[in-house]
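Reader: I'd like a close look at one helix-to-helix contact here. Could you walk me through who touches whom, how the two pieces are set against each other, and how far to trust that part?

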Amino acid sequence: MSSSVLICDDSNLARKQVLRSLPEQWAVKVQTASNGLEALEILRSQTIDVLFLDLTMPMLDGVGVLQGLKDENIDCSVFVISADIQPEMQSKVLDLGAKAFLRKPIQVDVLTNNLQQHGFI
Amino acid sequence: MTTFNLNADQQDCLQEIINVAMGQASDQLARYLDTFVYLKVPSIEQVNAQSLSNSLSQDQQSIAVVSQGFFGYEGIRGEALLVYQPQDSDRLADLLGYEPGELSVEEQIIDLSSILTTTFLNVFASQIDNQMSYSAPRLLSAGVSSVSEHLQQLSFNWDMALKVKISYQVTDYSFNCDMILLIPESAITNIKTVIDRILDEY
């Protein structure tokens, strides 16, 4: 069975970068969202296995999405992909339940390693 | 008007390149200040020579401007201006935590500006397969006239400039500055070509 994946980023290019970086052997059904509110709507109504989440976004940022998932007890594996690489931000999102913090621009091998590490491929 | 007459995809690509550069510049700032910096989506706009001079002239209060030239390959060059309002330059000493007399306010502004400019432009350049070198940063003495004079004396003609509004929110302070990149038209054409190449890859 294929995994259900959601890519949330306000940049179209960044969404494409993530999409193109997904390992070929990983069977996925991909959806996208361009801000945190859109992402939460999808996460509330459907089961999403993996969320790739940007942090700095309009409407609702990535930290807000992580907080929302926690508050509403929504089960989903989150990989944060962000340009905001401050150590304090990295530990904040990990505390909020993200599986890993990956820096932008996303590298194929880094993404693959992280997916392997968490048993998705 | 869109920035540099870019189409929606080109604008999105430029925005993302700038986001990544801003993220790393902010990380350097956070380490330098030993604090956390809250980031907002940066605003990017195109300004022309006349409107830039006007917008600087409108501010009758003294402003601090630090100017630093940058040079890359393939004709990519320009001048980076960091513009501080009085209330923000006054906060610098507190922010930086320097002891009184350790460094003058002028030296502090130059220090901070150089960190922001070079980190931002190094990351920007690496994403467009380029590499920058820099001239020494200079603090233009307060006052609009000296800024206007300085802009006229630049060794290249620029018709358009990229204005990136940087808003750093530090936990205990609210600190803002504008980064303005003055870029000659030939360099803009080159940047567009690189953006199209990146877009072709995706």
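Author: Start with the residues: B:D9, B:Q10, B:C13 and B:L14 in α1(B) meet B:K192, B:I195, B:I198 and B:L199 in α6(B) (a contact means C-beta atoms, placed from the backbone, within 7 Å; helices are DSSP runs of H or I, at least four residues, and strands runs of E, at least two, numbered from the N terminus). Sorted by type, the residues of this contact are five nonpolar, one polar and two charged (Ala, Val, Leu, Ile, Met, Phe, Trp, Tyr, Cys and Pro count as nonpolar, Asp, Glu, Lys and Arg as charged, and the others, Gly among them, as polar).

This is a predicted model, where local features need pLDDT of at least 70, side-chain atom pairs count only at pLDDT 80 or more, and totals for chains, interfaces and linings use all residues. Residues are numbered from 1 along each chain as its sequence is written, with chains lettered from A and ligands numbered from 1 in the order in which they are written.

Now the geometry. Helix α1 spans residues 8-33 of chain B and α6 spans 185-201; they pack at about 95°, with axes 10 Å apart (axes are lines fitted to C-alpha atoms over the stretch in contact, and angles run from 0 to 180 degrees between N-to-C directions). So α1(B) is roughly perpendicular to α6(B), a label for 65 to 115 degrees; under 35 is roughly parallel, over 145 roughly antiparallel and the rest oblique.

Note on methods: Contact = placed C-beta atoms within 7 Å.
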